[in-house]
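Biologist: Please take a close look at one residue and what surrounds it. Then carry on from there through the rest of the fold, and spell out your cut-offs as you go.

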Amino acid sequence: MKAEIIINKNYVIDKIDRRIYGSFIEHLGRAVYGGIYEPSHEKADDCGFRKDVIDLVKKLNVPIVRYPGGNFVSGYNWEDGTGDRALRPQRMELAWGVTETNEVGIDEFQEWAKRADTEVMMAVNLGTRGPEEARNLVEYCNSTTNTHFANMRRKNGFEEPFAIKTWCLGNEMDGPWQMGHKTAEEYGRTALEAGKLMKWTDPSIELVACGSSSYTMPTFGQWEWTVLDHAYDIVDYISLHTYYGNPSGDTKDYLAKSVAMDSFIKGVASICDAVKAKKHSAKTVNLSFDEWNVWFHSHGIPFEKWSTAPHQLEDIYNFEDALLVGCMLMTLQNNCDRVKMACLAQLVNVIAPIMTDNGGAAWVQTIFYPFMYASTYGNGTAMKPIIKCDSYKNGQFTVPYVETSIINNEEEKELVLFAVNRSLEEDMEITVTAENFGDYTLVEHIELYSDDMNAINDKDTERIAPSNVEIPSDGKINLKKHSWNMLRFKY
Ligand code: AHR
């Protein structure tokens, strides 16, 4: 098969906000305990954080990490994770049916974030708690005033505020599984009132309202409309969440899921703009895709109830999962005019690119590499490409065989092209024409490929790892069948 890609310097989508390469750590399974934190591990630092994990997080190049949940946050008392550890309570954690020791809380997590060169995106509990506890947490984290919660932080050893800029107003409040689940009316009012007090406490923060927990929720659309109708003036973003899987083993259908993701994004952006119009507002509410990934391999695996940090949601990703994650990243880049933040859910052990053994090794899953290359090289301005290639039908969607995104990094004077060839049978010969860039040369072609869609990485063998492809002398670039690629052109 053949494809033609045309880029024009004047044809841009928007500048990419680096926060689209964010991730997520929830108090769930072994994400915190045995993941980022394991004081007895030989590679633990003076705070008990695993340095081998920190090194991999740095390699992944994650600018922001959502914390502490997820479903967990909707029953969480943030005060439990502050101050003297000897006095912290053990709690029944109802979201995931485990025991939470509270050895790690915001006091420790903000320190971990510094050591991992990342920023905290903080979620507040609007399930079992409300505006009062949310504004107290903003004061604890961000205020310099001589007042109770700011002084509590100082007493706990933190003179300087944590300066957390981005705040999520609860989590998936539309879902009946959520502690303190609300109707759109109830949540819209709560989000407005909590957001008001939080911004009065620190006017510099940005707020994310909960959108639907997935596109397939029966309340999708109406939920966004009602919530924004109440809270439009106070919030800056609305969230989107999606997880895909391939339980039936239909790879062609599976690799098409990112096209559904694109439609989901455009739908939510339209609702934001419809509310904007209805309110005669000059303000634009943007999108925070703060949970996205593949999640299905671990469904139904049992664990011991009320244990601490059991193996939960430990999906082992294969090669085709890496292809879909690569396509989903391109979808985020291609919608960067509206998606300003996104979080790969999650970061360590729990549906994660990084895995650990308790007391043992840390290693990277197949999905690590598409993410690492996107966050490292996908910086600058996303270009709107014209793509001429064959496509196939998948349900209501037309799916191009080549998924692509192109980023113009003006500082580095390079065009970075990410591409997945969705064809399971044929290689794709592509030609790239970049208009108004002057002379340009392909300097690097990185490929992720395997014959085996089910190939996985484990602690002993990295079967799915990037390799360098020789640069062709005739300008004809080959994308292998079912492969992920990154091409860098210097101009
Ligand atoms: O990321 C795992 C879970 O998925 C989160 O806790 C929840 O928000 C979502 O349903």
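**Around one serine, and onwards**

Modeller: Let's start with Ser258, which touches Leu324, Cys327, Met328, Thr331, Glu403 and Arg422, leaving out residues up to four places away in sequence; contact here means heavy atoms within 4.5 Å. Before going on: this is a predicted model, where local features need pLDDT of at least 70 and side-chain atom pairs count only at pLDDT 80 or more, while totals for chains, interfaces and linings use all residues. Residues are numbered from 1 along each chain as its sequence is written, and side-chain values use heavy atoms, with hydrogens and water left out.

Ser258 belongs to helix H8 (residues 257-278); helices (H or I, at least four residues) and strands (E, at least two) are DSSP runs numbered from the N terminus. Ser258 counts as buried because its relative accessibility is 1%, where buried means under 20% relative accessible area, exposed over 50% and partly exposed in between (1.4 Å probe, protein chains only).

Asn394 is another residue to look at, in strand E17 (residues 391-394). With a relative accessible area of 17%, Asn394 is buried too. Setting aside neighbours within four places in sequence, Asn394 is in contact with Lys252, Asp253, Ala256 and Val399. Follow the chain 61 residues from Asn394 and you reach Ala455, with 25 Å between the two C-alpha atoms.

Now for a whole helix. H5 covers residues 184-201, and its 18 residues should span 26 Å at 1.5 Å a residue; the end C-alpha atoms are 25 Å apart, so the two agree. (The expected span is 1.5 Å times one less than the number of residues.) Its buried residues are Ala184, Tyr187, Gly188, Thr190, Ala191, Leu192, Ala194, Gly195, Met198 and Lys199.

H2 is mostly covered, with seven of its 10 residues buried: Ile106, Asp107, Glu108, Phe109, Gln110, Trp112 and Ala113. Those buried residues pack against helix H1 (51-60) and strand E4 (64-67), as well as E7 and H3.

Asp117 has a positive phi of about 55° although it is not a glycine, and it sits in the loop between H2 and E7. At 56% relative accessibility, Asp117 counts as exposed. Leu313 likewise takes a positive phi of about 55° without being a glycine, in the loop between strand E11 (286-294) and helix H9 (319-334). Leu313, though, counts as buried, at 14% relative accessibility.

Together with Leu94 and Trp306, Met92 makes a nonpolar surface patch of about 330 Å². Patches are built from residues with over 30% relative accessible area and no salt bridge, joining like charges within 9 Å and nonpolar side chains (Val, Leu, Ile, Met, Phe, Trp, Tyr) within 5 Å. A salt bridge is a side-chain nitrogen of Lys or Arg within 4 Å of a carboxyl oxygen of Asp or Glu.

Last, the rings. The structure holds 24 aromatic pairs. In one of them, Phe368 and Tyr369 have ring centres 5.5 Å apart and planes at 80°, so the pair is edge-to-face. Rings of Phe, Tyr and Trp (its six-membered ring) pair if their centres lie within 6.5 Å, with planes under 30 degrees apart stacked, over 60 edge-to-face and the rest tilted. Phe368 is buried at 0% relative accessible area, and Tyr369 is buried at 7%. Elsewhere, ring pairs link Trp78, Tyr140, Phe149, Phe158 and Phe162 into a cluster.

Note on methods. Areas by Shrake-Rupley, 256 points an atom, 1.4 Å probe, with all protein chains shown as cover.
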